[in-house]
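Work through the exercises below with the sequence and the model in view, and try each task before reading its solution.

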Amino acid sequence: MELQLIEFLIDTVEALLHIVRQQNSQLSQLGAVAAEEQLQDVEAAYSAVLKNDSWKEVDTKNVD
């Protein structure tokens with residue numbers, strides 16, 4: 001169950017990241033440099049989540 005939730009969350013973040021990249025591409029064509037910085041922040045946060053293995057230690061015995 002937890003693995004499915006994690007996979008769902010990763011898929012959702014990937015979809016959001018794809019949307020942000022598309023928007024960034026459109027905005028960069030208009031000269032919006034700030035969008036690139038926001039994209040880098042999103043990518044950094046996404047990478048940090050993927051590198052964090054603490055979710056494996058979640059105690060699921062007490063989850064209803």
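**Exercise 1.** Find the residue with which Arg21 forms a salt bridge, and describe where the two partners lie.

*Solution.* Arg21 forms a salt bridge with Glu43, and their closest N and O atoms are 2.8 Å apart. This pair links distant parts of the chain, since Arg21 belongs to helix H1 while Glu43 belongs to helix H2 (residues 33-51), 22 residues apart. The term salt bridge asks for a side-chain nitrogen of Lys or Arg within 4 Å of a carboxyl oxygen of Asp or Glu, and by this rule the count comes to one.

The model is predicted, so local features need pLDDT of at least 70 and side-chain atom pairs count only at pLDDT 80 or more, while totals for chains, interfaces and linings use all residues. Residues are numbered from 1 along each chain as its sequence is written, and side-chain values use heavy atoms, with hydrogens and water left out.

**Exercise 2.** Decide whether Arg21 and Glu43 are buried, partly exposed or exposed.

*Solution.* Buried means under 20% relative accessible area, exposed means over 50%, and partly exposed lies in between (1.4 Å probe, protein chains only). Arg21 has a relative accessible area of 43%, so Arg21 is partly exposed. Glu43, with 24%, is therefore partly exposed as well.

**Exercise 3.** State how many helices and strands the chain has, and what share of its residues count as buried.

*Solution.* The chain has two helices and zero strands, where helices (H or I, at least four residues) and strands (E, at least two) are DSSP runs, numbered from the N terminus. Of its 64 residues, 9% count as buried.
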